[in-house]
Amino acid sequence: MQDEERVETQGTPPVSRIRILRELERKVLWLSTWMIHSANHLREKVDGLKVGGHQASSASAVTILTALYFEILRPEDRVAVKPHASPVFHAIQYLLGKQTLDKLKRYRGYQGTQAYPSRTKDADGVDFSTGSMGLGLAQTAFASLVQDYVRLKGWQDSSTQEGRMIAVAGDGELDEGNVYEALYECWKHGVRNVWWIVDYNRQSLDSVVTDQLFGKISHLFQMMGWRVVTLKYGKRLERAFHKPGGAELRQWLDDCPNSLYSALVFKGGSAWRHQILADLKGQEEINALLNEYDDLALHSMMTNLAGHDLEVICEALQQLDGDAPTCVIAYTIKGYDLPFAGHKENHAGLMTVAQMDQFRQRCGIEEGEEWDTFAGLELPEEELQVFLDRVPIRENRSTVRAAPKLSVPHPPEAPAKPIASTQQEFGRYLFDLAREGGPLADRMVTVSPDVTVSTGLGGWVSRRGVFHRDESVDRFGQLDLASLQKWQMSPEGQHIELGIAENNLFLILAALGLSHDLFGVRLIPVGTVYDPFIYRGLDALNYACYQDARFILVATPSGITLAPEGGAHQSLGTPLLGMAQDGLAAFEPAFVDELTAILQWSFDYIQRGGKGEYSSAWLRDSQGGSVYLRLSTRPIQQPQRVLSESQQKAIIEGGYWFREPAPGAELAIIYSGAVAPEALEAFEQLTDDFPHAGLLAVTSADRLNAGWQAAQRSRRRGDRNARSRIESLLAPIAPDAALVTVIDGHPAALSWIGAVGGHRIQSLGVEHFGQSGNIPDLYRHYGLDADTILSACASAWLNRK
Ligand SMILES: Cc1ncc(C[n+]2csc(CCOP(=O)(O)OP(=O)(O)O)c2C)c(N)n1
Ligand SMILES: [Mg+2]
């Protein structure tokens with residue numbers, strides 16, 4: 001970017017682009033600071049809480065984001081903006097005409113701009129949500145891999161330009177382990193075309209970061225094959241370095257500890273001179289050099305870091321040629337140009353009313369003009385507007401075509417096995433799909449963190465191959481060695497094999513599950529994981545759901561039913577997690593025909609695109625979402641039946657009577673998942689004494705519960721006829737009937753059913769874990785066996801109201 005480069009604006013003299021960018025930078029700083037200030041000082045407080053916001057963190061990213069959004073970005077690029085710079089992002093969108101004043105005024109308020117950029121809650125073109133440190137970075141790298149996936153398969157039309165995947169992140173975010181998990185994985189997959197721009201302000205939340213951190217960052221990145229570009233000093237400082245004494249000044253700055261630099265930034269004025277002269281005593285040229293500047297000019301020069309120099313940033317980013325993954329370390333100042341600049345405790349600091357007033361005057365903005373787009377700027381409004389109208393990123397998204405839905409084929413027709421496990425038959429379903437083919441199978445992409453074979457994906461992968469940008473042969477196959485897994489790697493492959501890092505699993509599912517929105521190509525992502533290890537990546541899973549990414553998560557084996565595989569791998573809390581995670585419909589089928597019905601439905605559900613907040617019929621069925629299947633390795637006797645349409649519907653809604661109760665039944669056993677045989681055994685032993693009893697199969701505690709909540713909500717709002725599936729299911733049984741629930745998971749997952757009709761309930765499940773053994777041993781130990789179910793039935797029945 002050269003100063004001489006000019007834009008012609010209608011009827012006004014040409015002005016340099018950099019001058020315009022500087023004006024916009026100033027406006028963005030003002031608007032973002034004011035947005036936070038007005039939310040905290042001008043809105044009525046009703047709940048005793050401060051509104052908050054991060055003026056310092058925002059200020060440090062203003063220059064970088066100004067350069068990106070007004071100069072560098074092209075419509076097809078996608079960006080993850082550092083969470084605390086949300087006001088900066090929204091101020092930029094406001095200037096671009098994509099954000100409303102009303103929403104700016106309601107920053108952090110109801111239906112206003114969000115504290116952290118949100119794909120789902122903000123309406124001004126957030127590409128990736130951020131908020132949880134480190135995740136936005138990894139998300140862009142995996143999005144780049146997904147873009148390669150769809151482009152190498154030729155699914156984007158030739159006119160669609162490749163977009164760059166860019167993250168602007170805080171230096172503190174690099175403490176998060178998930179960043180390095182992603183770096184390592186990306187190296188394996190040859191990820192390219194991604195920029196991570198680090199806003200290196202040398203501060204995180206609590207304090208100043210460790211000295212020389214940038215050196216460690218550089219080494220790590222370079223080791224993983226990244227190009228590292230360090231932008232340290234601005235042009236004015238660089239010019240001073242060329243003067244007599246300049247080399248010493250540079251050395252002093254290079255050696256300056258982070259905390260001293262930050263303290264001097266805060267103190268400003270003569271503090272610089274005193275410190276430098278004290279440190280470089282006897283060096284005459286330094287004295288002369290500093291004497292060229294008064295205190296104000298010296299402060300301005302000493303804080304002229306590259307991350308606040310538009311020219312340096314624009315030049316550097318424009319010169320980034322090739323597609324090497326690139327880390328840009330841009331030196332910045334937290335709170336740049338604001339009164340608390342550099343103070344180590346400025347993270348959540350808010351400017352006072354008086355400070356804000358002074359800042360307003362310094363910006364040349366009159367009272368009442370605070371929200372004005374151009375107030376206080378030197379260049380004529382028309383010129384600025386013409387510039388804004390031509391900013392390429394304004395066209396964001398227009399390049400992406402809507403991705404049509406793929407129709408779901410009939411399930412593969414395979415004879416039902418008499419004894420089977422849900423995990424094994426999930427694998428077979430996918431294998432059959434791979435063989436039969438069709439548009440849905442072609443768009444399916446599986447992913448697993450080193451548990452591909454042990455979660456049942458082996459057959460699918462052998463048929464459909466492993467995705468890699470470069471072709472490589474399966475040496476075992478080539479040498480005619482016996483092996484079950486034929487893992488041919490090529491751009492045609494449809495399985496992405498990850499190392500053992502569950503954060504990466506969920507982040508790549510997030511990226512694959514947003515492909516329809518980011519790249520206009522719909523994918524059907526299916527990820528597999530051992531159920532307990534969902535916990536390892538839980539924040540990333542939550543992040544994927546929050547972004548409304550669409551995928552099917554298959555978790556297996558689960559619970560204590562994995563038995564001899566070891567106590568450490570037992571998952572007992574995941575059924576609760578499945579219920580509580582917004583955006584994820586959780587199922588725990590016991591039988592294979594249930595699993596098939598759920599999979600068929602899931603392929604459609606993850607493609608639904610309805611919008612809107614929750615309504616009284618809150619099952620998200622019009623919006624769609626992602627799906628979590630909790631499966632098991634336990635082979636169990638399968639019912640020999642053909643499910644009717646209404647039975648399939650009941651399975652999707654969450655439950656059905658496996659053995660219908662007679663009207664007025666005094667007892668019912670309710671089970672979910674792999675404990676079905678014990679529930680059935682106990683039920684059969686009861687029928688002599690309780691011939692009217694029922695046996696209820698719960699295929700989704702999550703959806704049954706959500707339906708019940710929705711019906712109650714509807715009734716509170718006046719719809720007296722609203723009735724949920726669980727209420728209908730329980731309607732025939734006696735009001736004083738006893739209920740017993742059983743699940744291989746925390747008992748609370750089903751115990752709420754007692755509250756539906758006010759029934760006495762006993763809930764069996766697992767509250768403590770860690771024993772290994774065979775299934776009978778463990779079911780007896782944890783109380784999931786038929787005897788315990790029977791004794792719970794007796795106890796519940798005897799204690800009825
Ligand atoms: C996973 C996670 N842990 C903790 C936090 C709380 N938190 C918010 S900001 C912050 C420090 C950010 O430091 P840095 O990335 O350097 O941001 P900046 O200096 O630009 O504000 C922390 C720990 C969070 N948002 N996410
Ligand atoms: Mg920082």
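1. Two residues are in contact when they have heavy atoms within 4.5 Å of each other. By that rule S32, apart from neighbours within four places in sequence, is in contact with V62, P87, V88 and A91. S32 lies in helix 1 (residues 17-41); helices here are DSSP runs of H or I with at least four residues, strands are runs of E with at least two, and both are numbered from the N terminus. With 1% relative accessibility, S32 counts as buried, a word used for values under 20%, with exposed for over 50% and partly exposed in between (1.4 Å probe, protein chains only).

2. A word on the source: this is a predicted model, in which local features need pLDDT of at least 70 and side-chain atom pairs count only at pLDDT 80 or more, while totals for chains, interfaces and linings use all residues. Residues are numbered from 1 along each chain as its sequence is written, chains are lettered from A and ligands numbered from 1 in the order in which they are written, and side-chain values use heavy atoms, with hydrogens and water left out.

3. Which residues coordinate the magnesium ion (ligand 2)? They are D171 (OD), N201 (OD1) and Q203 (O), at 1.9 to 2.2 Å. Donors are N, O and S atoms within 2.8 Å of the metal (3.2 Å for Na, K and Ca), and the site may look incomplete because water is not among the atoms. The spacing of the donor residues in sequence is D-x29-N-x1-Q. D171 is in the loop between strand 4 (165-170) and helix 6 (177-189), and N201 is in the loop between strand 5 (194-200) and helix 7 (213-223), so the pair ties together parts that are 30 residues apart in sequence. D171 is buried at 2% relative accessibility, and N201 is buried at 5%.

4. Helix 6 packs against helix 21 (residues 502-512) at an angle of about 75°, and their axes are 9 Å apart. Axes are lines fitted to C-alpha atoms, for helices over the stretch in contact, and angles run from 0 to 180 degrees between N-to-C directions. The two helices are therefore roughly perpendicular, the word for 65 to 115 degrees; under 35 is roughly parallel, over 145 roughly antiparallel and the rest oblique. Helix 6 contributes N178, E181, A182 and E185 to the contact, and helix 21 contributes N503, N504 and L507.

5. How many residues of helix 21 are buried? The number is 11 of its 11 residues. A540 is in helix 23 (residues 538-546) and is buried, with a relative accessible area of 0%.

6. A nonpolar core is a set of buried Ala, Val, Leu, Ile, Met, Phe, Trp, Tyr and Cys residues joined through side-chain atoms within 4.5 Å. The largest has 94 residues, of which W196, M302, I496 and L553 touch the most other members. Helix 5 (residues 135-152) supplies the largest share, 10 residues. A second, separate core of 71 residues includes I552, F587, I598 and L784.

7. Some backbone details deserve a check. The peptide bond from T556 to P557 is cis, with omega near -5°. Q212 is not a glycine, yet its phi is positive, near 60°; Q212 is partly exposed at 43%.
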